[in-house]
Amino acid sequence: MARESLAAKKERAAAIEERMFAHYGEGACSLDYEDPFTLTCAVVLSAQCTDAAVNKVTPVLFDRFGTAQAMASARVEEVEEIIHPLGFYRNKAKNLVALARTVCSEFGGAMPRDVDELQKLPGVGRKTANCVMCEAYRDPQGIAVDTHVYRIAHRLKLAGPSANTPEKTEAILLKVYPRDQWLYINHQWVHFGRDLCRARSPLCGECFISDLCPSCGAC
Ligand code: SF4
């Protein structure tokens with residue numbers, strides 16, 4: 001593909017997003033949660049697990065420890081017992097209790113509302129912080145770049161080979177997309193990555209943005 005100017009890339013990105021809206025609307029979070037604290041816990045639990053598996057353990061977890069105060073007073077073993085069907089449950093249990101204790105000790109018991117502050121919580125990286133800002137607060141301060149968003153940004157060649165980390169890929173997407181669309185990209189692209197632009201054998205023949213994709217048929 002010939003070198004594309006930023007203006008041309010923005011135009012192509014806008015056309016892609018228009019079709020994403022036509023197919024997926026605003027998208028929706030597939031994790032069950034009640035508020036910013038429970039969403040943060042659910043996203044931490046979702047690492048290396050399906051959202052469906054997380055949704056099976058969170059009703060019991062949030063019934064017992066659904067606030068930062070309750071989780072902060074839990075023993076790690078009690079949390080482990082509830083979330084043990086999930087991968088890495090020991091580490092996740094340790095993080096949830098530490099996260100809740102940090103909310104209580106550093107933030108007066110209320111969840112922070114800022115992407116940098118959120119990352120001060122154990123187990124919360126930039127992707128999780130962006131998810132919480134978008135989903136729970138509807139105040140996007142970035143785009144959550146998970147495995148789907150990373151793969152799709154690179155296949156679409158919105159991000160080039162030098163954007164070889166989620167952080168660098170996010171930085172490019174933030175330049176290409178206007179802020180009022182940051183809220184929707186993660187949800188829409190996760191659906192798209194599951195439906196069509198799969199990690200293995202993407203369904204390019206059925207893809208509704210194939211004419212806008214430089215990798216069409218080449219993955
Ligand atoms: S054409 Fe293929 S590689 Fe490109 S976005 Fe669609 S499914 Fe993905």
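Predicted model: local features only at pLDDT ≥ 70, side-chain atom pairs only at ≥ 80, totals over all residues.

Student: Is the crossing of α2 and α8 left-handed or right-handed?

Tutor: Right-handed.

Student: Which residues make the contact?

Tutor: From α2, Pro-36, Leu-39, Thr-40, Val-43 and Val-44 take part. From α8, the residues are Thr-128, Cys-131, Val-132 and Glu-135.

Student: And how does that contact of α2 with α8 split by class?

Tutor: It has 6 nonpolar, 2 polar and 1 charged residues.

Student: Ok, α2 on its own. How many of its residues are buried?

Tutor: 10 of its 10 residues are buried. Among them are Phe-37, Cys-41 and Leu-45.

Student: What covers the buried residues of α2?

Tutor: The cover includes α3 (51–65), α4 (68–72), α5 (76–83), α6 (89–106) and α8.

Student: What about α8, how many of its residues are buried?

Tutor: 9 of its 10 residues are buried, so α8 is largely enclosed by the rest of the structure. The buried ones include Lys-127, Asn-130 and Met-133.

Student: What do the buried residues of α8 pack against?

Tutor: They pack against α2, α7 (115–118), α10 and α11 (179–195).

Student: You mentioned α4. Where can I find a buried residue there, say Met-71?

Tutor: Met-71 sits in helix α4. It counts as buried because it has 25 C-beta neighbours inside 10 Å, and the cut-off for buried is 20 or more.

Student: What is Met-71 in contact with?

Tutor: Leaving aside neighbours within four places in sequence, Met-71 is in contact with Phe-65, Leu-96, Val-97 and Ala-100. The C-alpha atoms of Met-71 and Ala-98 are 8.8 Å apart, while 27 residues separate the two along the chain.

Student: Changing topic. What happens in the loop between α9 and α10?

Tutor: Two residues there can be looked at, Lys-157 and Leu-158. Lys-157 has a phi near 60 degrees, a positive value in a residue other than glycine.

Student: Is Arg-138 buried or exposed?

Tutor: Exposed, because it has 8 C-beta neighbours inside 10 Å. Lys-157 has 15 such neighbours, so it counts as partly exposed.

Student: And Leu-158, buried or exposed?

Tutor: Leu-158 is buried, because 22 other C-beta atoms lie within 10 Å. Not counting residues up to four places away in sequence, Leu-158 touches Lys-9, Ala-13, Ala-153, Ile-172, Leu-173 and Val-176.

Student: How far is Leu-158 from Ser-215?

Tutor: Their C-alpha atoms are separated by 11 Å, and the two residues are 57 apart along the chain.

Student: What about Glu-18, where is that one?

Tutor: Glu-18 is in helix α1 (residues 6–24). With 10 C-beta neighbours inside 10 Å, Glu-18 counts as exposed.

Student: Now the whole thing. How many helices and strands are there?

Tutor: The protein chain has 11 helices and 0 strands. Its radius of gyration is 19 Å, close to the 17 Å that the globule rule gives for 219 residues, so the chain is as compact as a globular protein of that length.

Student: What does the C-alpha trace span?

Tutor: About 55 × 30 × 30 Å along the principal axes.

Student: And what share of the residues is buried?

Tutor: Buried residues make up 38% of the 219. As for contacts with a separation of 6 or more, 60% are between residues 24 or more positions apart.

Note on methods:
Residues numbered from 1 in each chain as written. Helix = DSSP H or I, 4+ residues; strand = E, 2+ residues; numbered from the N terminus. Rg over C-alpha atoms; globule rule 2.2 N^0.38 Å. Buried ≥ 20, exposed ≤ 12 C-beta atoms within 10 Å, placed from the backbone. Contact = placed C-beta atoms within 7 Å. Left-handed = near helix turned anticlockwise from the far one by under 90°. Nonpolar A, V, L, I, M, F, W, Y, C, P; charged D, E, K, R; others polar.
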